[in-house]
Amino acid sequence: ELAIRLRRGLNVVLGHVGTGKTTLCRYLIAQFAEANEETDAVETHLLMDPAFSTPLEFLSTVALSFGISGKRKRKSASVETYPLTEPVLSVPLDFPANTPVTSDTTGKRARKVADPAYTDWQLKENIKDYLFNKGVGEGKIVVLIIDEGQKLPDFCLEILREFLNYETNE
């Protein structure tokens, strides 16, 4: 919690199986959810089982977790996203029916992805816009918790590095 409040960037929790890493994550999410949103500006998002097969699948999942559907409207030359009004703890199950569903390479489960017409770059820009609006515009701390992070492929680590490198002068 201290590392989050001090905006320390990437934090890693290591431990053997059964030591309580997932329990700690869930407790942290619950603590922030119970806090007064006006005085405790922390927004948490949780990704479970991050076995992604493509960068687009990873970016789509992060975008959906943040409430970014991939849809956008034009207002002058800027792009606006449509975040949900409440914090999202995982990918919404009620995402619009016309959203394509893709399976991961193991075939274990299906993932919902944002509009396939959007490129990796466009999704990254939408996510960066969202982070900027939340962080600077609303003064919130946006936390993305990835449980079972050891399953992340290298391309996901590179995308996370890019997001961690996204800063303002303040």
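Visitor: Which hand is the crossing where α3 passes α4?

Guide: Left-handed. Bear in mind that this is a predicted model.

Visitor: What angle do α3 and α4 pack at, and how far apart are their axes?

Guide: The angle is about 25°, and the axes are 10 Å apart. Helix α4 covers residues 120-137. Angles under 35 degrees count as roughly parallel, so α3 and α4 are roughly parallel to each other.

Visitor: Which residues meet there, between α3 and α4?

Guide: From α3, P55, L56, L59, S60, V62 and A63. From α4, D120, L123, K124 and I127.

Visitor: And α5? How do the axes of α3 and α5 cross?

Guide: At roughly 50°, and the axes come within 9 Å. Helix α3 is residues 55-65, and helix α5 is residues 154-164. That angle makes α3 oblique to α5.

Visitor: Is the crossing of α3 and α5 left-handed or right-handed?

Guide: The crossing of α3 and α5 is right-handed.

Visitor: What does α3 use to meet α5?

Guide: P55, F58 and L59. On the α5 side they meet F155, C156, I159, L160 and F163.

Visitor: Switching topic. What comes after α5?

Guide: T168 is found in the segment after α5.

Visitor: Why does T168 count as partly exposed?

Guide: Its relative accessibility is 34%. Buried means under 20% and exposed means over 50%, so T168 falls in between, as partly exposed.

Visitor: What is T168 in contact with, leaving aside neighbours within four places in sequence?

Guide: F132 and V136. V136 is 32 residues from T168 in sequence, but the C-alpha atoms are 8.5 Å apart in space.

Visitor: Now α2. What span should its 14 residues give?

Guide: At 1.5 Å a residue, helix α2 (residues 21-34) should span 20 Å. The end C-alpha atoms are 20 Å apart, which agrees.

Visitor: Which α2 residues are buried?

Guide: C25, L28, I29 and F32. They cover an arc of only 95° around the axis, so they sit on the same side of α2.

Visitor: What about the other side of α2, which residues are exposed there?

Guide: T23, Y27 and E34 are exposed on that side.

Visitor: Last one. What covers the buried residues of α2?

Guide: The cover includes α1 (2-5), β1 (42-47) and β6 (141-146).

Methods:
Residues are numbered from 1 along each chain as its sequence is written. This is a predicted model: local features need pLDDT of at least 70, side-chain atom pairs count only at pLDDT 80 or more; totals for chains, interfaces and linings use all residues. Side-chain values use heavy atoms; hydrogens and water are left out. Helices (H or I, at least four residues) and strands (E, at least two) are DSSP runs, numbered from the N terminus. The expected span of a helix is 1.5 Å times one less than its number of residues. Buried means under 20% relative accessible area, exposed over 50%, partly exposed in between (1.4 Å probe, protein chains only). The arc is that of the directions from the helix axis to the C-beta atoms. Contact means heavy atoms within 4.5 Å. Axes are lines fitted to C-alpha atoms, for helices over the stretch in contact, and angles run from 0 to 180 degrees between N-to-C directions. Angles under 35 degrees count as roughly parallel, over 145 as roughly antiparallel, 65 to 115 as roughly perpendicular and the rest as oblique. A crossing is left-handed if the near helix is turned anticlockwise from the far one by less than a right angle, and right-handed if clockwise.
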